[in-house]
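The following note sets out several points on the model shown below. Please read each point with the structure open.

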Amino acid sequence: MRRRDFLAGMTAAAGLAAVAGPATAGAATVRSGAAQTTARAAASYPPADSLRALAAHVNLRIGMAVSPFDIATTTPDYNGVLKSQFSTATPENAMKWDAVEPEQGVFDFTDADEIVNFAEQNGMLVRGHTLLWHNQIPAWVTTGVSNGTISASQLKEFAFQRIQTEVSRYRGRIWQWDVANEFFTDTDPSMINPQDFWIQNLGEGIIAEAYRLVHQVDPHALLFYNDYNIAGEDGTNAKHDAAFAFVQGLLEQGVPIDGVGNQGHQDTQYGFSGTFQQDLAHFASLGLKVAITEADVRTFVNANQIPTDSLAPSAQSYYYTQMLYAALEVPQVISFTFWDESDNPNVSWVPGTFPGEGAATLWDANLNPKPQYFAVQQMLNLAAHAAPHHVATAPF
Ligand code: XIL
């Protein structure tokens, strides 16, 4: 039935409507006379056929993981692609604990400030990422905890001091915060990972306390739980079930949580989840918002980042558009973020993390758009001109 909407949309998609400029990219189609003039003046930027402009028709924000490199580089034009194609920014590393407090008590927000300022200048909302995660904790913390010079109560004090400092610095400027990240393992998702750094040292209650603190400091930010393989990518849906029960438990305790992010890291060797859309809708049934937070689709590649299987790119396009289709079909999905701007091994996290795999993004290593980009663009174009079934609440 929904597909019919898309097909009907295709015939309606003869021409593209004027699209709001950066400052209003998240708003629905502009209707008032004065606003129409503004929209026309800004119609060329971002381009009407950009991902962000097409998605603005259906109130979906399109995001990118952002590093200082992306902002600084204009040849090829990472900066230009970023601001013309995306309406949200997630600092890829700049807001993680090791980045903001490399030495005890010495905070450094240089990169995070740069990214937040860039986002605001270009009409992009910011996804804050991330406050409680077992990775990218500064060495002074992990060393101190393992050699016993940092006690459990000190760990909690330092962690909450950092959360307080960071969240208050950006109060009112963060759309969504990934408060807790990746608390389940793939091997046994039946419970929160008892070996997780935070759980092992401070117990499960630390998670609820963190949400309460962030909400107290920045009451308008939407607070998310973020994880990967929680929309059926594991083949059994066990991780989804665990994450669902976990967030349901938080809600029952009155913990201020507003949404669930499925990272969306896909790999062509594992097949595409048969329950992706159903699982997003399941999270939404709890009254939560939903986001795809780190979408990429990796595959096996040669040394030049070229897929070893000539059919891989079409599979990757399929995975991307299936994820996006599901997001479009579930009205509570408010944003869809891609993880990394090109296949350049210095830009994409995939080649360094999954040896032998890569080609995971929408742009090749020289920042040329790949078929995956055009597949995503086409899906958004159909959605933009189809029946208005994606009615996500506008941010703020
Ligand atoms: C990755 C970054 O992309 C890399 O640059 C960094 O070296 C490691 O972290 N899940 C997450 C992200 O929540 O923060 C991770 O980002 C990718 C997996």
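**Note on the predicted model**

1. Both faces of strand β1 are covered: R61, G63 and A65 are buried on one side, and I62, M64 and V66 are buried on the other. Buried here means under 20% relative accessible area, exposed means over 50%, and partly exposed lies in between (1.4 Å probe, protein chains only). The strand spans residues 61–66, and six of its six residues are buried. Strands (E, at least two residues) and helices (H or I, at least four) are DSSP runs numbered from the N terminus.

2. Residues are numbered from 1 along each chain as its sequence is written, and side-chain values use heavy atoms, with hydrogens and water left out.

3. Which strands pair with β1? Strand β9 runs parallel to β1 and is joined to it by four bridges; β2 (residues 88–91) also pairs with β1 in the parallel sense, over four bridges. Pairing requires that DSSP find at least two bridges between two strands. M64 stands opposite F338 in β9, and its bridge partner in β2 is A89.

4. The protein has 16 helices and ten strands. Of its 396 residues, 57% count as buried. Among contacts between residues at least 6 apart in sequence, 80% join residues at least 24 apart; contact means heavy atoms within 4.5 Å.

5. Helices α12 (residues 238–252) and α13 (residues 276–284) pack at about 10 degrees, with their axes 10 Å apart. Consequently, α12 is roughly parallel to α13, a term for angles under 35 degrees. Axes are lines fitted to C-alpha atoms, for helices over the stretch in contact, and angles run from 0 to 180 degrees between N-to-C directions. H240, A243, F244 and V247 of α12 meet D279, H282 and F283 of α13.

6. The buried residues of α13 are F276, D279, L280, F283 and A284. They lie on the same side of α13, because they cover an arc of only 145 degrees around the axis; the arc is that of the directions from the helix axis to the C-beta atoms. Their packing partners are α12, β6 (259–262), β7 (265–267), β8 (289–300), α14 (312–329) and β9 (333–338).

7. Helix α16 (residues 371–385) contains A384, which counts as buried at 14% relative accessibility. A384 and V58 are 326 residues apart in sequence, yet their C-alpha atoms are 6.0 Å apart. Q372 also lies in α16 and is buried, with a relative accessible area of 2%. Leaving aside neighbours within four places in sequence, the contacts of Q372 include P313, Q316 and Y320.

8. Most residues other than glycine have a negative phi, and most peptide bonds are trans. The bond joining T75 and P76 is cis, with omega about -10 degrees, and that from H129 to T130 is cis with omega near 0 degrees. T130 is in strand β3 (residues 125–132). Phi is positive at Q136, near 55 degrees, and at Q305, near 65 degrees. Q136 is partly exposed, at 28% relative accessible area, whereas Q305 is buried at 11%.

Conventions:
This is a predicted model: local features need pLDDT of at least 70, side-chain atom pairs count only at pLDDT 80 or more; totals for chains, interfaces and linings use all residues. Angles under 35 degrees count as roughly parallel, over 145 as roughly antiparallel, 65 to 115 as roughly perpendicular and the rest as oblique.
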